[in-house]
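Please open the model in your viewer and keep the selection panel at hand. The stops below concern pairs of packed helices.

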Amino acid sequence: MARDPFEKEFHQAVTEVIESVKPVLDRNPEYRHAGIMERLIEPERVVQFRVPWMDDQGQVRVNRGFRVQMNSAIGPYKGGMRFHPSVNLSIMKFLAFEQVFKNALTTLPIGGGKGGSDFDPKGKSDNEVMRFCQSFMCELFRYLGPYTDVPAGDIGVGGREIGYLFGMYKKLKNEFSGVLTGKSLNWGGSLIRPEATGYGSVFFADEMLSTRKQSLKDKVCLVSGSGNVAQYTIEKLNHLGAKVLTLSDSSGYVYDEKGIDDAKLQYIMYLKNVKRGRIKEYAEKYPKAVYTAFDAGTDHNPLWNHKADCVFPSATQNEINAKDAQNLVNNGVYMVSEGANMPTMPDGIDIFLDNNILYAPGKAANAGGVAVSGLEMSQNSMRIRWSRQEVESRLKSIMQSIHASCLLASEEYGTPGNYVNGANIAGFIKVADSMMDQGIV
Ligand code: NDP
């Protein structure tokens with residue numbers, strides 16, 4: 001920790017894992033002797049680079065690019081790229097670290113990495129985004145490859161950006177390979193990849209509820225975000241008969257008492273994916289919905305202060321603090337399935353666990369996205385395409401298997417039903433054993 005004193009998000013992610021796996025290290029001292037934890041928290045490689053590009057006015061702009069290749073013990077580095085002004089090395093390292101455990105849980109042979117830039121795609125023209133992506137790839141291509149590192153999307157990186165990145169990679173390497181996932185269906189993408197993270201988080205929620213003999217039917221749900229993960233979380237919740245009341249973006253949130261049905265969801269997909277507008281326009285189109293702008297001066301997020309049964313945080317890290325967690329508990333919430341990465345702060349997690357909430361951390365609940373990315377890699381290698389039903393049923397069975405392995409590990413190490421410990425322990429053991437097999441490298 002002393003080595004990187006300003007990397008607070010990275011420290012937060014590492015601290016949680018260290019606390020969870022302490023009983024594993026106590027029971028298996030060989031992991032300590034082999035320095036597994038010391039090696040796990042040091043990335044195998046970090047690449048940081050200048051990304052110069054020209055805006056539509058002819059002005060040269062410069063952003064910073066990153067790729068953190070965290071751990072390749074069980075397969076090539078795999079993890080998304082984030083384009084957002086908040087991106088820095090700490091956020092890249094926390095995301096890459098989480099990715100190592102998440103990918104291990106999927107049962108697929110993929111290591112962990114993450115990358116991105118402090119570039120903000122909001123308000124940029126398609127041509128500006130294309131020039132940025134091309135410049136970004138002009139440096140990054142040296143470190144990628146289908147057997148080395150296979151990035152995907154994340155915040156600010158969707159189908160458009162993956163297309164521009166892939167186009168430049170192909171030109172530079174003179175090869176057409178499965179080097180990125182989240183590709184368009186016409187050129188190597190997998191069915192269900194856009195849906196996978198949101199659907200997976202709902203499948204995981206259903207598994208957790210089934211341990212209390214319940215289902216999602218008729219459950220009242222709060223969802224944050226309005227991007228890829230939030231949209232497909234709502235789609236699957238609607239299919240399963242639940243009712244979603246909220247959505248947000250970084251400017252504010254909407255509360256729709258009537259529920260966000262499929263027709264309203266279609267509008268959100270148009271608003272966010274085509275028009276690239278703001279969520280407050282939802283309340284202009286559906287005047288019975290109430291829009292509340294975010295107020296940086298308050299100590300809580302009002303989105304989390306409504307009566308509900310289940311919650312799907314699907315925007316960004318640290319969006320639920322202790323006060324928000326307490327508000328959720330007071331409002332009757334008993335299940336939280338994290339679509340976003342690390343959306344709940346540590347003292348918020350403690351409140352969920354103390355109140356016996358069914359709480360799934362992102363590294364388990366949102367693993368569906370990378371799982372289907374892994375399935376996209378398999379289809380690319382085999383030069384075939386599976387049907388929608390085939391991919392969705394594989395996704396569902398992977399989420400069931402992650403749920404089962406989290407529960408099993410939580411029981412084996414004395415905290416039954418604690419999905420935080422379960423996910424950290426199950427992921428850790430798989431990666432640690434693989435590192436032991438491969439020697440000190
Ligand atoms: P998108 O860019 O599609 O959507 C992100 C959403 O979150 C937008 O509504 C955005 O609002 C909002 N948001 C972003 N930053 C903030 C912030 N600082 N405060 C409030 N709202 C914010 O990204 P995704 O849906 O792909 O990703 C959402 C989360 O899910 C992230 O944590 C990501 O790491 C995680 N995740 C995504 C996976 C995937 O397959 N896409 C896989 C696994 C995890 P605005 O438009 O105003 O920025």
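Predicted model: local features only at pLDDT ≥ 70, side-chain atom pairs only at ≥ 80, totals over all residues.

Residues are numbered from 1 along each chain as its sequence is written.

Select residues 193–210, helix H7, together with residues 388–412, helix H15, whose axes come within 9 Å and cross at roughly 50°. That makes H7 oblique to H15, where angles under 35 degrees count as roughly parallel, over 145 as roughly antiparallel, 65 to 115 as roughly perpendicular and the rest as oblique. The crossing of this pair, H7 and H15, is right-handed (the near helix is turned clockwise from the far one by less than a right angle).

Now show the side chains: on H7, Ala 196, Tyr 199, Gly 200, Phe 203, Phe 204, Glu 207 and Met 208 meet Leu 395, Lys 396, Met 399, Gln 400 and His 403 of H15, a contact being C-beta atoms, placed from the backbone, within 7 Å.

Next, select residues 228–239, helix H8, and residues 262–274, helix H9; their axes come within 10 Å and cross at roughly 165°. H8 and H9 are therefore roughly antiparallel to each other, and H8 passes H9 in a left-handed crossing, with the near helix turned anticlockwise.

Finally, display Gln 231, Ile 234, Glu 235 and Asn 238 in H8, which meet Asp 262, Leu 265, Ile 268 and Met 269 in H9.

Methods. Axes fitted to C-alpha atoms, helices over the stretch in contact; angles between N-to-C directions. Helix = DSSP H or I, 4+ residues; strand = E, 2+ residues; numbered from the N terminus. Contact = placed C-beta atoms within 7 Å.
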